[in-house]
Amino acid sequence: MPTDRNFHYLIKIIYQPRVLAYGFAALITLSQFVGISVGDSFGYSSGNPVTSSTVLHSTVWLAIPLLLYPHLAYWITGCWLNSTEGARNSMLVDSLLVGSMIVVNGFHLLTSLSFILILSLSTLLIARPKTMLLSLMILGITLGAGWLLFLPDFSRPDSLLTDALCCIAILTYSCMVAYMGFKVTVDLGSSRHRAEVDKQALVSNTEYLRQYLSPQIYAAIVARQRQSEKTYRKRLTVFFSDIEGFTELMDNLEEETVTRTLNEYLNAMAEIVVEHGGTLDKFMGDGIMVFFGDPETQGPRQDALSCVRMALEMKRKLSCLRDKWQQKGIFSELHIRIGINTGYCAVGNFGSESHMDYTAVGGAVNMASRLESKAPRDSILVSDTTRQLIADELDCIQRELLALKGIGRLVDNYLVSGECNESKQQVMEREIKGLRVSLNPTLVDIGEARQLLAETETAVLATENRRRESKAVVRLLR
């Protein structure tokens with residue numbers, strides 16, 4: 001059973017207006033008794049079923065329940081109907097009580113109007129107009145039944161005390177409702193400000209956490225498409241890469257240099273993964289695991305082609321990074337090994353209740369990892385299943401069968417050399433001292449390429465002019 005502190009906020013909002021409204025209702029009803037006691041006729045003829053004595057007993061017995069009802073409604077609604085609908089539906093009981101009070105007060109005009117106005121304000125305070133219409137319907141049925149049963153006489157004079165109390169009740173209750181409406185508006189403004197601050201903090205935290213997830217996995221989680229404790233069996237193309245001898249190469253470098261260099265490499269590789277539509281599973285030091293085919297797939301063949309072309313792009317990017325690092329004097333050699341395999345894997349959420357990891361496991365994953373460990377320097381080694389999917393567009397060179405750890409058979413494997421000449425233009429790679437050119441016709445933007453060539457030509461002419469000027473100066477000095 002919920003405590004007072006846990007009651008629904010609408011139940012708390014209507015509590016004080018109810019206490020005030022039914023307090024005035026009790027006073028107004030008792031004022032009828034005071035009017036009778038001083039000889040102010042209630043206005044019923046002797047022939048009517050309702051006599052002054054009946055009204056007297058009604059007012060006395062009704063005053064106490066009117067004072068107790070707000071407290072009973074608060075606890076009953078809060079304990080057993082503690083919800084938005086419970087709070088709103090409780091106003092239907094108020095409609096029945098208000099109708100009964102109007103009947104008991106002999107359909108006194110000002111009393112009836114004040115009761116109906118207070119009921120309407122109370123209902124609109126926590127409910128929708130639809131609930132108010134239903135409340136007025138119940139009120140109308142109650143009044144109609146009271147009218148037919150008691151046949152009121154409107155010839156009696158009005159009670160000044162009752163009229164005064166009705167005016168005071170309407171004025172006081174209207175001010176209270178206006179104040180509560182103002183207070184709710186202020187609270188809503190504060191709540192909106194807090195919600196905006198919380199929203200900005202959530203967006204900031206989400207963007208920060210986004211760095212730790214593959215874009216595809218992040219999008220799936222945000223869309224609530226990933227169910228915990230659920231895995232799928234899907235055909236994936238799995239990629240593993242590793243920097244050859246990275247540990248040894250880093251031994252003589254400072255930690256800051258290692259961190260900056262490794263992050264630059266991993267950032268460049270991650271951009272290539274996203275560009276080709278792969279799912280970046282994890283970084284393992286200088287190693288990378290990527291798979292194609294989940295959560296989105298273009299079919300096994302296209303997934304395999306995208307994966308291998310991604311690997312070719314990574315090789316070219318590393319070559320550029322290697323030149324950049326050499327100019328900074330970091331180290332002279334940095335090379336990559338890549339292994340790729342296609343097969344069925346279990347993909348989904350793996351881990352504990354406190355930490356989950358969305359990844360792929362299975363024999364196909366192990367095969368890709370083993371191929372990577374056997375790949376030659378700066379080479380892409382693929383399995384036979386991957387080769388069958390890419391052979392019509394990419395050149396593959398068969399190698400000797402391999403004995404891989406954990407696999408009880410010799411494995412066919414192939415080196416990927418590039419795009420097939422028959423279907424694609426050959427990738428052009430030329431290198432001379434101080435200049436390297438790498439052209440991939442499938443990826444290059446012609447406009448940007450022309451601009452780069454123009455800039456290169458300008459730089460070459462400028463270099464040539466500087467050398468001519470230097471030679472002229474040397475001749476003059478001689």
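This note walks through a predicted model, point by point.

1. **Overall make-up.** The protein has 478 residues, and 40% of them are buried. Its secondary structure comprises 13 helices and 12 strands.

2. **The largest core.** In soluble globular proteins, nonpolar side chains tend to be buried together. Here the largest nonpolar core holds 40 residues. Phe 239, Tyr 265, Met 310 and Ile 340 touch the most other members. Which helix gives the most to this core? It is helix 10, residues 300–327, with 11 residues.

3. **Helix 10.** This helix has 28 residues. From its first C-alpha to its last, helix 10 reaches 41 Å. The expected figure at 1.5 Å a residue is 40 Å, so the two are close by the spacing rule. Just past the end of helix 10 comes Gly 329, with a positive phi of about 75°.

4. **Met 314.** Look for this residue in helix 10. Is Met 314 buried or exposed? Its relative accessible area is 0%, so Met 314 is buried. Beyond residues up to four places away in sequence, Met 314 touches Phe 239, Met 269, Ile 272 and Val 273. The C-alpha atom of Met 314 is separated by 9.6 Å from that of Ala 270. Along the chain, these two are 44 residues apart.

5. **Helix 9.** Residues 255–276 form this helix. At 1.5 Å a residue, its 22 residues should span 32 Å. The end C-alpha atoms are 32 Å apart, which agrees. The buried residues of helix 9 include Thr 257, Leu 262, Tyr 265, Met 269, Ile 272, Val 273 and His 276. Ala 270 is also among the buried residues of helix 9. Just after the helix, Gly 277 takes a positive phi of about 85°.

6. **Tyr 265.** What does this residue touch, setting aside residues up to four places away in sequence? The list is Ser 241, Ile 243, Asp 286, Ile 288, Leu 318, Leu 321, Trp 325 and Ile 336. Tyr 265 is one of the buried residues of helix 9.

7. **Helices 3 and 4.** Two packed helices are described by the angle between their axes and the distance between the axes. Helix 3 covers residues 84–104 and helix 4 covers residues 109–126. Their axes come within 10 Å and cross at roughly 180°. Helix 3 is therefore roughly antiparallel to helix 4. On the helix 3 side, the contact includes Ala 87, Met 91, Val 98 and Ile 102. Arg 88 and Asp 94 of helix 3 also take part. Helix 4 contributes Ser 112, Phe 115, Ile 116, Leu 119, Ser 122, Thr 123 and Ile 126. By type, the residues of this contact divide into 9 nonpolar, 4 polar and 2 charged.

8. **Val 177.** This residue lies in helix 6, residues 160–210. Val 177 counts as buried because its relative accessibility is 13%, under the 20% cut-off. Leaving aside neighbours within four places in sequence, Val 177 is in contact with Leu 121 and Leu 125. The C-alpha atoms of Val 177 and Ile 118 are separated by 9.5 Å. Those two residues are 59 residues apart along the chain.

9. **Glu 372.** Helix 11, residues 363–374, holds this residue. Glu 372 counts as buried, because its relative accessibility is 9%. Its contacts, leaving aside neighbours within four places in sequence, fall in two runs of numbering. Phe 240, Ser 241 and Asp 242 are among them.

10. **Backbone points to check by eye.** Where is the cis peptide bond? It runs from Asp 294 to Pro 295, with omega near 0°. Pro 295 sits in the loop between strand 3 (287–292) and helix 10. Asp 378 has a positive phi of about 55°, although it is not a glycine. Asp 378 lies in the loop between helix 11 and strand 6 (379–383). At 22% relative accessibility, Asp 378 counts as partly exposed.

Methods
Residues are numbered from 1 along each chain as its sequence is written. This is a predicted model: local features need pLDDT of at least 70, side-chain atom pairs count only at pLDDT 80 or more; totals for chains, interfaces and linings use all residues. Side-chain values use heavy atoms; hydrogens and water are left out. A nonpolar core is a set of buried Ala, Val, Leu, Ile, Met, Phe, Trp, Tyr and Cys residues joined through side-chain atoms within 4.5 Å. Buried means under 20% relative accessible area, exposed over 50%, partly exposed in between (1.4 Å probe, protein chains only). Helices (H or I, at least four residues) and strands (E, at least two) are DSSP runs, numbered from the N terminus. Contact means heavy atoms within 4.5 Å. Axes are lines fitted to C-alpha atoms, for helices over the stretch in contact, and angles run from 0 to 180 degrees between N-to-C directions. Angles under 35 degrees count as roughly parallel, over 145 as roughly antiparallel, 65 to 115 as roughly perpendicular and the rest as oblique. Ala, Val, Leu, Ile, Met, Phe, Trp, Tyr, Cys and Pro count as nonpolar, Asp, Glu, Lys and Arg as charged, and the others, Gly among them, as polar.
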